[in-house]
Structure formats: structure tokens, C-alpha cells
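I opened a new notebook page for this chain. My plan is to look up a handful of things and write down what I find.

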Amino acid sequence: MKKRGERRQLQYVQGSLAVKEQYLPKKRVEKKKIEKKQEQRKKRAASGMERRVLQERAKILREREKNHILQQERLKEKTSANLFLVFCVTAMMFVMGGLCFHYIQLQTEVNTRIRKIEVEKTRLDKLRQKNDALQNAINTSVNPEEVYEIATKELGMVYPGDNQVIEYKKSESEYVRQYENIPKS
């Protein structure tokens, strides 16, 4: 272990690469020389110390003022940036709110139209059923024999004879139009 006043010296031990530590006594400097140097330092320090302390204090105060001014400038920049950010966020919220309102309005309109279509479909189905029922009633209420009797007895109608009926084939369409000429067969 190292004792006070000793300095360490490393030596090479023969035959190995290991280093052996040896402590040598520290060279003693005369105490008077050391004391003189210390007194000189103290004197210089005492006269310059007050000056240095004042300079250090002034330096610290200047640095604090600079830091304070920089901090105030940063706060102003942040405040203006924050106001712009708040404005942008508010504007985006209004835009998004408007879009959401418009979307909900369109959804409601679509749902209303779908309901109206369904109501109209059910109404159409009911009308078709009613129409079919009326058609069936008409078909069942008409008696062909009764129609024949009324037509022949009351109205004086007769069946056409063989020479009065002319049949022809039309190849263009299935329907006969009144304003067309009847082809001769």
C-alpha cells in the first residue's frame, strides 16, 4: 500500500513481462520555499480576489440577464406559435364538425328515401293484389253464355259466315295495326 509522501515507480522484473511496483520516497522540498510561495499566492489572491469576485458576480449577472432575455424571447415565439396552432386546431375542428354534420345529414336522407321506397313497394304490391283480385272477379262474373244471349237476342248480332272471314299471315310483327292495308291472300 502506498504511504504518504511516496511516489510510485515501475521496474522490469527479469525473465517476465510482469511489472513490479515499488514505492520510492518523495523528494522533500524545503518547507520554507513552499511557505513563501503560498504566502505570495495569498497576497496576490487577496488583492485580486476582491476584483475577481466582483467580476465573477458581474459575469454571473450578465449571463442571468442574457438567459432571462432569451427565455422571454422563446416564450414570445412559443406564444405566437401556440396561438397559430390553436387557430389551426380550431379551424380543423370546425371543418371536421361540418363534414360530420353533412355526412349525418346525407345518411339520414338516404335512410329516409330507402324507407319511402319500401313503403311504395308495399303499396305497389297491395295494388297489384287488389288488381289481380278485381281481374279474377271480372273473369268469374262474366258468363260467356249470357253474353251470347244478350248479343244475339237483344242486339241482333250473328256469327260471321265462312265467306266473310279472311285469314292471312303477317311475318313482320305479331300485332296488326289499323292504318295498314290488309294484304290479299
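**Entry 1**

I started with Met96, which sits in helix α1, residues 31-141. The model is a predicted one, so I kept to features that pass the confidence limit of pLDDT of at least 70. Is Met96 buried, partly exposed or exposed? Its relative accessible area is 44%. Buried needs under 20% and exposed needs over 50%, so Met96 falls in between as partly exposed.

I then looked up the surface around this side chain. Met96 belongs to a nonpolar patch on the surface, together with Met92, Val95 and Leu99. I noted about 390 Å² of accessible area for the four together.

**Entry 1: layout of the chain**

I stepped back to the whole chain. I found two helices and two strands. In what order do the elements run from the N terminus? I read β-β-α-α.

Next I looked up burial. Of the 185 residues, 1% count as buried. The accessible surface comes to about 19,400 Å². Carbon and sulfur atoms hold 56% of that surface.

I also looked up how far contacts reach along the sequence. I took the contacts between residues at least 6 apart in sequence. Of these, 0% join residues at least 24 apart.

**Entry 2: cysteines**

How many disulfides does the structure hold? I found zero. A disulfide is a covalent bond between the sulfur atoms of two cysteines. The cut-off I used is two cysteine sulfur atoms within 2.5 Å.

Cys88 has a relative accessible area of 29%, so I logged Cys88 as partly exposed. Cys100 comes to 42%, and I logged Cys100 as partly exposed too.

**Entry 3: salt bridges**

Side chains of opposite charge can pair when their charged atoms come close. I counted two salt bridges.

Glu109 is partly exposed at 36% relative accessibility. Arg113 is exposed, with a relative accessible area of 52%.

Then I turned to Arg123 and Glu120. Their side chains meet in a salt bridge at 3.3 Å, N to O. Why are Arg123 and Glu120 separated by about one helical turn? They are three residues apart in helix α1, so about one helical turn lies between them. Glu120 is partly exposed, with a relative accessible area of 43%.

**Entry 4: aromatic rings**

I searched for aromatic pairs and found one. Tyr148 and Tyr159 form this pair, and the rings are stacked. I noted 5.7 Å centre to centre and 25° between the planes. Planes under 30 degrees apart count as stacked, so the angle of 25° settles the label.

Where do the two partners sit? Tyr148 is in helix α2, and Tyr159 is in the segment after α2. They are eleven residues apart, and the pair links distant parts of the chain. Tyr148 is partly exposed at 41% relative accessibility. Tyr159 counts as exposed at 65%.

I closed with Lys184. I placed Lys184 in the segment after α2, a helix that covers 144-154. Is Lys184 buried or exposed? Its relative accessible area is 83%, so Lys184 counts as exposed.

I also looked up how Lys184 stands to Glu167. The two are 17 residues apart in sequence. In space, I noted 9.6 Å from C-alpha to C-alpha.

Notes. Residues are numbered from 1 along each chain as its sequence is written. This is a predicted model: local features need pLDDT of at least 70, side-chain atom pairs count only at pLDDT 80 or more; totals for chains, interfaces and linings use all residues. Side-chain values use heavy atoms; hydrogens and water are left out. Patches are made of residues with over 30% relative accessible area and no salt bridge: like charges are joined within 9 Å, nonpolar side chains (Val, Leu, Ile, Met, Phe, Trp, Tyr) within 5 Å. Accessible areas come from the Shrake-Rupley method with a 1.4 Å probe; for residues, only the protein chains shown count as cover. Helices (H or I, at least four residues) and strands (E, at least two) are DSSP runs, numbered from the N terminus. Buried means under 20% relative accessible area, exposed over 50%, partly exposed in between (1.4 Å probe, protein chains only). Contact means heavy atoms within 4.5 Å. Rings of Phe, Tyr and Trp (its six-membered ring) pair if their centres lie within 6.5 Å; planes under 30 degrees apart count as stacked, over 60 as edge-to-face and the rest as tilted.
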